[in-house]
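Have your viewer ready and follow along, one selection at a time. Each stop names what to pick and then tells you what is there.

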Amino acid sequence: MNRVPVPAALALGDDALVLSHRLGEWAGNAPVLEEEVALANIALDLLGQARALLSLAGDEDELAFLREERAFRNVQLVEQPNGDFAHTIARQLYFSAYQQLLYGQLASGEGPFAPLAAKAVKEVAYHLDHAEHWTLRLGDGTPESHARMQRALDALWRYTGELFEPVEGVSADWPALQDGWSAYVTDVLRRAGLTLPEGPREGAWTAGAGRQGIHTEPFGRMLAEMQHLHRSHPGASW
Amino acid sequence: MTTTVPDAQAPEAVFDAALAADERIEPRDWMPDAYRATLVRQIAQHAHSEIIGMQPEANWITRAPSLRRKAILMAKVQDEAGHGLYLYSAAETLGTGREELLDKLHSGRQRYSSIFNYPTLTWADVGAIGWLVDGAAITNQVPLCRCSYGPYARAMIRICKEESFHQRQGYELLLALSRGTEAQHAMAQDAVNRWWWPSLMMFGPPDDASAHSAQSMAWKIKRHSNDELRQRFVDICVPQAESLGLTLPDPDLRWNEQRGHHDFGAIDWDEFHEVLRGNGPCNEQRIERRRRAHEEGAWVREAAAAYAAKHDGHHGTHDKHAEHTEHDNHGKPEEAAA
């Protein structure tokens, strides 16, 4: 088996870890009981992926609980707060579309992530299906849901440019990934009666440095909550 | 049988005969109104307990101290949502829909288990809930797998399997703490001290003060009395506490050779009634949070319903897994408002 490039395992693992955490914040707050089950399902899949990936890079708990904010390599998209249900769905649509294309490529290659990607891509197919259906329902539901979904898509758009920055140690066809992503998202939004956002998504004033450890303000607070208990008992096992 | 006398064909007689023969009553069978009402009340209270019970545990999902524990806790809270779904469906077979029951919960006309009005103050509380609260729930619920109403009994079989898994996980969590650092051990002991008595109250008032017990036993909805079940639970917990290396906060707890059971101290029923009346530590915040989630989700449910109405045959929020995966060819939706 090929040697696992640690920075790549961290980047992909942190994406999954952080989004799983955000989805876990929905527990007890979902709009309908079926969504309690669905969101937890997605969160659990992502947590499973995160544990597998972080374990390739080192000790999963040390990496999750003892790194400082600047050492996390996730894209900024996944750390964005849940917002309303439309924001959560928009974030999931953007991310799952990316993850499915990326893992699809990795699964069919021979790199060190192929076995993991082959398993994860099946999970992600469900995540994407879930996000797509809710995008259609919200986009083509009521005037209010349409407006909320459009606002969410617009607000998160600036964080999508970073998804296509090549990750060191991940051998993917990044331009093809971006093309596939754009074609898919454009199609879903068209079917939902929503408008593809047009704002900038790269450059000095947009997002795009999560992979270098530059995050957004809410992320520090998220980590403070996530790491507090573990850090309060140094060396303890749980 | 074609030879039965006409009298025995009367619906009431059929119902009584089914009960006497320990057969299951099914949704299409005739049943007395009071039997139906009792079941709806009990199943609804159980369903509400599952979804309110998500809150004290979800309180720790974002702070779980290891990724393994986090996965276990998330899965557990998810199971509770799933139990809520089965139970609301069981109530639906009796003609009462989920929306109506949720309204009653939100407006305080139906109850949930009072145990969830206690706060989860430390990580060890997650373990104490698993070991004691789920343990008490299982003791209560295992007999319900033989309840006379079929859909409820069948839901309980599945629920009890998952609950016993949760109970073992809670025990194992406490064991890790008890054998951990001094601070972890103290955390575990403190949690057990706080959850022990409320767990004993979960079996309900003593038999001589229980409002619904006698009729429910006659209908075979209930199979054992509150005090019997409570005693069974105490007898199970005492040796488990010893293996955990933790103590139970009751100076009167001791083995009684003659009875073949443990004696235990007097339960503070004043506290029980106060919590039941709404004066527990978290009554208001639990129901407030439930209401808020429901109200904040109203626009989502409305959108799903509107979408389903536009696209025939599609459910709004239900049956995601069973849903179509091919896409609609409706072109632009008519309404691109706002």
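**Stop one: a helix pair in chain A**

This is a predicted model, so keep that in mind as you click around. Begin by selecting helix H2 (residues 33–57) of chain A together with helix H6 (residues 114–139) of chain A; they pack at an angle of about 150 degrees, with their axes 11 Å apart. Because that angle is over 145 degrees, H2(A) is roughly antiparallel to H6(A). Look along the pair and you will find that H2(A) passes H6(A) in a left-handed crossing.

Now show the side chains where the two helices touch. On the H2(A) side, pick Glu35(A), Ala38(A), Leu39(A), Asn41(A), Ile42(A), Asp45(A), Leu46(A), Gln49(A), Ala52(A) and Leu53(A). Their partners in H6(A) are Leu116(A), Ala120(A), Glu123(A), Val124(A), Tyr126(A), His127(A), His130(A) and Trp134(A). Color this contact of H2(A) with H6(A) by class and you get eleven nonpolar, four polar and three charged residues.

**Stop two: along H6(A)**

Stay on H6(A) and pick out Glu123(A), one of the residues that meet H2(A). Its side chain also meets that of Lys119(A) in a salt bridge, at 3.3 Å from N to O. How far apart are Glu123(A) and Lys119(A) in helix H6 of chain A? They are four residues apart, so about one helical turn separates them.

H6(A) and H7(A) pack at an angle of about 125 degrees, their axes 7 Å apart, which makes H6(A) oblique to H7(A). Here Thr135(A), Arg137(A), Leu138(A) and Gly139(A) in H6(A) meet Ser145(A), His146(A) and Met149(A) in H7(A). By class, this contact has two nonpolar, four polar and one charged residues.

**Stop three: across to chain B**

Show both chains now. In this interface, 61 residues of chain B are in contact with 61 residues of chain A. The area buried between the two chains is about 5300 Å², with carbon and sulfur atoms giving 64% of it. How many salt bridges are there between chain B and chain A? The count is two. Zoom in on Arg98(B) and Glu34(A), whose side chains meet in a salt bridge at 2.6 Å, N to O. Over all chains, the salt bridge count comes to 28.

**Stop four: a helix pair in chain B**

Finish by selecting helix H3 (residues 33–58) of chain B and helix H4 (residues 67–92) of chain B, which pack at an angle of about 165 degrees with their axes 8 Å apart. That angle makes H3(B) roughly antiparallel to H4(B), and H3(B) passes H4(B) in a left-handed crossing. The residues of this contact divide into twelve nonpolar, five polar and four charged. To see some of them, display Ile43(B), Ile51(B) and Met54(B), which are among those in H3(B), and Leu73(B), Val77(B) and Leu87(B), which are among those in H4(B).

Note on methods:
Residues numbered from 1 in each chain as written. Chains lettered and ligands numbered in written order. Predicted model: local features only at pLDDT ≥ 70, side-chain atom pairs only at ≥ 80, totals over all residues. Heavy atoms only, no water. Axes fitted to C-alpha atoms, helices over the stretch in contact; angles between N-to-C directions. Parallel < 35°, antiparallel > 145°, perpendicular 65-115°, else oblique. Left-handed = near helix turned anticlockwise from the far one by under 90°. Contact = heavy atoms within 4.5 Å. Nonpolar A, V, L, I, M, F, W, Y, C, P; charged D, E, K, R; others polar. Buried area = accessible area lost by both parts, 1.4 Å probe. Salt bridge = Lys/Arg side-chain N within 4 Å of Asp/Glu carboxyl O.
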